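Subject: Structure handover

Hi,

Here is the structure I promised to pass on to you.

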Amino acid sequence: MRLPPIEVTVYPYECDAYGHLNEAAWLLLFERARWEALSRGPGADFFGRHGVWPAVRRATIEFHAAAYPGDVLAIDLHPEDVGRTSVTLTQHAVRTSDGALLAEAQLVFVMIDGEGRPVPLPDAVAGLFGVRGTARPGDARRFDLGEVSLAADVRGEGPALLLIHGFPLDRTLWAHQVATLAGWRRIAPDLRGLGASDVPAQGYTMASYADDLVRLLDNLGVHRAVVAGLSMGGYVAFEMVRRHRERLAGLILVDTRADADGPEARAARDDLAAVARSDGTRAVAERLLPRLVGRSTQQAQPHLVEQVREMMARAPTAGLVGALRAMRDRSDATPLLATIDVPTLVVVGQEDELTPPSMARAIAGAIPSAALRIIPGAGHLAPLEAPTAVTRVCAEFLEAVREGAT
Ligand code: MLT
């Protein structure tokens, strides 16, 4: 658990006629310690930012000795169990003056949405409780598409929304959007070579990524989808425009660019591939991380930085090297922009250093019917760094294009 232990003082008003804490006061004290730990760590608005609320479903307290006014208690937090929608925590209260264990609590929380419905733990929340990102192969469905088999999260009913992750990431980048964009059939695949999808030795091009995704849509019986792509996912989305235009009902371009790699960028791709081969994908993660995640996220959400590091480090080397080759050799999508005739939303993190707002503005300006939304406090991985804000702008856009997407 990444939350620090907290010291709290017992006040007289919290104690009963016999001068010690009763059960209700203990519950409040444990709760105070949890919120204090959250405020000192990722922030008291942590759950709100991720679009969930932790509702206590069961609380039990075991008393060992009385606590009196003036006692200073050190209260820690331990995750016991982390499920799909629930978390079980234990807290211990130890008197600092003599080290006596006074009480312990066990609490079961269920993450709920605004309507009180249980929702899956967003990755950042799972990360807070010490669980890695959810590229849990078992969670995803597998789709045998002939040449490769892809893993994908498929959730909900309604018109289709295809969410394409960036490099060298996986489908869990979109965990919040997959969990919360109700009214849409959310399809978040791992591209070939990444996440839990097959890792072929060869065959990594923008065309093969785009064709894989069209085969996935075929497999799901989806003719048209709104296609959202982040960064490299945006390059794949452009390739879908090129090769499979009739399959797109709308486009969401997140933290991406339209132009191709110049000679310097191409050489840098080859250097990075050499690092991956010689030192492994963790070394690649260390190189990329400082510019992938925005300044504010680095300061306020260190657990998220860790989550992204792990996501990158677990990328298979062959898939990562293949993606670098595919990006290096991709065509310029700039001439394509003026021909895009589906409703388009361009989203960018205000602190994105790799594909900054100026670039997003130029893309939005070149596409005939595009809107631009800038997400404050987020860098290159806006859907993960500011999930609620990104989901909100996507939801507004999706509502506006729903009719044309069905
Ligand atoms: C990504 O996030 O997908 C990468 O930054 C794309 C790139 O390296 O061009």
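D255 sits in the loop between β12 (248–254) and α7; helices (H or I, at least four residues) and strands (E, at least two) are DSSP runs, numbered from the N terminus. Phi of D255 is near 45 degrees, a positive value in a residue other than glycine. D255 counts as buried because its relative accessibility is 1%, where buried means under 20% relative accessible area, exposed over 50% and partly exposed in between (1.4 Å probe, protein chains only).

S231 also has a positive phi, about 50 degrees, although it is not a glycine. You will find S231 in the loop between β11 (225–230) and α6, and it is buried at a relative accessible area of 10%.

A word on how to read all this: the model is predicted, with local features needing pLDDT of at least 70 and side-chain atom pairs pLDDT 80 or more, while totals for chains, interfaces and linings use all residues. Residues are numbered from 1 along each chain as its sequence is written, and side-chain values use heavy atoms, with hydrogens and water left out.

Next, α6 itself (232–244). Eleven of its 13 residues are buried, among them Y235, F238 and H244.

Now the largest pocket, with about 690 Å³ of space. On a 1 Å grid over the protein atoms alone, a pocket is an open set of points where a 1.4 Å probe fits, with protein on both sides within 12 Å along at least five of seven lines; lining residues have an atom within 4 Å of a point. The volume is the space filled by probe spheres set on the points, which are joined across faces, edges and corners. Of the 28 lining residues, R257, R269, L288, R291 and L354 are the closest to the centre of the pocket. The largest share of the lining, five residues, comes from α7, and α6, α7 (263–279) and α8 (281–292) each supply at least two.

One more backbone detail: the peptide bond from F167 to P168 is cis, with omega near -15 degrees. P168 lies in the loop between β9 (160–164) and α4 (175–180).

As for the whole chain, it has 15 helices and 14 strands, and buried residues make up 55% of its 406 residues. Its C-alpha trace spans about 80 × 50 × 40 Å along the principal axes. A search for disulfides (pairs of cysteine sulfur atoms within 2.5 Å) finds zero in the whole structure.

Best wishes
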